[in-house]
Amino acid sequence: MEASSFRSTREYAERMDQADSLSRFRAEFYLKSDSIYMDGNSLGLLSKRAEHALMETLSDWREHGIDGWMQGNHPWFTMSEQVGEMLAPLVGASPEEVIATGSTTVNLHQLVSSFYKPEGIRTKILADELTFPSDIYALQSQLRARGCDPDTHLIRVKSRDGRFLEEDDIIEAMTEDVALIVLPTVLYRSGQILDMKRLTEEARRKGIPIGFDGCHSVGAVPHAFSEWGVDFAYWCNYKHLNGGPGSVGGLYVNRSHFGTLPGLAGWFGSKKEKQFDMAHTLEPAESAGAFQIGTPHVLSLAPLLGSLEMFAEAGIESIRRKSLGLTEYLMALIDSELDGFGFFIGSPRDDVRRGGHVSLEHPEAARICKALKQNGVIPDFRAPNIIRLAPVALYSTYAEVWEVVRILKDIMAEKQYERFSNEREVVA
Ligand SMILES: *Cc1c(COP(=O)(O)O)cnc(C)c1O
């Protein structure tokens, strides 16, 4: 048998699973025996450790009442810092540069409030036209709040093909009227990784602060935010990090900005030992902790204590290696098995440029997704024509990837999708 046709057998996939050094983590997650989860880039699954950490926190509340702030299994007063410390290696930062707080969009508001300092002709914010809508809404409203017209002050770098961004185009747009740059680490549709190191170098050369939205990379792709000199970053912890629905977000600020007053201040940004002095002058923490606002959402933070232990044990480099192996295998099977069915792979083939998911384009994508669900595969759909598939390093297998492609092939060969309407659900 030829090497390529052996790769398309289930036996090959099973061999890859046997050789997988991360396979032990799968048993730690709640997986359904009758379904294949390919949506870990939208909402990661519950693990036993995340559940345990949450239950311990509930028990601290039951046992200690108000004293849970300083006592119990995981004292609440320092939990945001504790989770921040666990997140730091995943973004390549020191523990004081990271805090678990707020949510993606709220953290973006906080960071723009703190780092957008329009002055003279430098008044614009540079973003891109493929960015997640919430980020754009936040940037537009921040501009309005400063009396700037978003139509003229928000620059959105164009994509040449609707899928990818060219770093050259972004760098060209870093003109002298730009006061702040906000970009994604990984594009949420195509899964393209931007060259953060290069973009940061160019922004620094031009003296423009630069920040990244890490929602689609943190937990799947290694970063070196500190080393690259990235000014700030923010991300959610419910996607690749499996922190649970609405889990508290992540925020990174480079240590060179410690001491910058938060744009949106609140008492949880205080130096810890000063917070309960109750003074009317904020003494901000000398860390990313200064960018916290109010009381942490402890019950949405606790699962991360358990979940992040697994990332520390597995190591982000091994996670990345397996993730790339899974997505490369998925694309290879799509090429060999689904040829002629009208699919187009809208993700970068090059490992260096591909994040944690594969974007599969098809005009009938909405109803192919519905047919996948009926066959026990959980994908996600992005209008108008994208099926996103995310095999996740800690709990997905090569055999599942193989099975997904086999099911897709049946759906297409038997035109099963024609039984469904080609419209998206309310939550896609
Ligand atoms: C998921 C996601 C968000 C979501 O923001 P929330 O404030 O957590 O709702 C924002 N930006 C990107 C790029 C995302 O992928």
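A: Ala, Val, Leu, Ile, Met, Phe, Trp, Tyr, Cys and Pro count here as nonpolar, Asp, Glu, Lys and Arg as charged, and the others, Gly among them, as polar. On that scheme, the lining of the largest pocket divides into 21 nonpolar, 11 polar and 13 charged residues. The model is predicted, so local features need pLDDT of at least 70 and side-chain atom pairs pLDDT 80 or more, whereas totals for chains, interfaces and linings use all residues. Residues are numbered from 1 along each chain as its sequence is written, and side-chain values use heavy atoms, without hydrogens or water.

A pocket is an open set of points on a 1 Å grid over the protein atoms alone, with protein on both sides within 12 Å along at least five of seven lines; in a cavity, a 1.4 Å probe fits but cannot get out, and lining residues have an atom within 4 Å of a point. Of the 45 residues that line this pocket, Ser42, Asp380, Arg382, Arg388 and Ala428 are the closest to its centre. At least two lining residues come from each of α5 (104–115), α6 (133–145), β5 (178–184), α13 (365–374) and β12 (380–382), and α13 gives the largest share, 4 residues. These elements are DSSP runs numbered from the N terminus, helices (H or I) of at least four residues and strands (E) of at least two.

The loop between β12 and β13 (386–389) holds Pro384, which is joined to Ala383 by a cis peptide bond with omega of about 0 degrees.

The ligand takes up the space of the largest pocket, in the sense that more than half of its atoms lie within 2 Å of the grid points. Around the ligand (a heavy atom within 4 Å) stand Ser103, Thr104, Thr105, Phe132, Asp135, Asp213, Cys215, His216, Tyr238 and Lys239. By class, this shell has 3 nonpolar, 4 polar and 3 charged residues.

In the side chain of Asp213, an N or O atom lies 2.9 Å from a ligand nitrogen. On its own the ligand has 390 Å² of accessible area, and the protein covers 84% of it, by the Shrake-Rupley method with a 1.4 Å probe.

The largest cavity has a volume of about 80 Å³, and its lining is made of Gly219, Ala220, His240, Phe311, Ile319, Ser323, Gly356, Pro391, Val392, Ala393 and Leu394. By class, the lining of this cavity has 7 nonpolar and 4 polar residues and no charged ones, whereas the lining of the largest pocket includes 13 charged residues.

Key. A polar contact is a pair of N or O atoms within 3.5 Å; within protein, one must be able to donate a hydrogen and the other to accept it, and residues adjacent in sequence count only if both atoms are side-chain atoms. Grid points are joined across faces, edges and corners, and a volume is the space filled by probe spheres set on the points.
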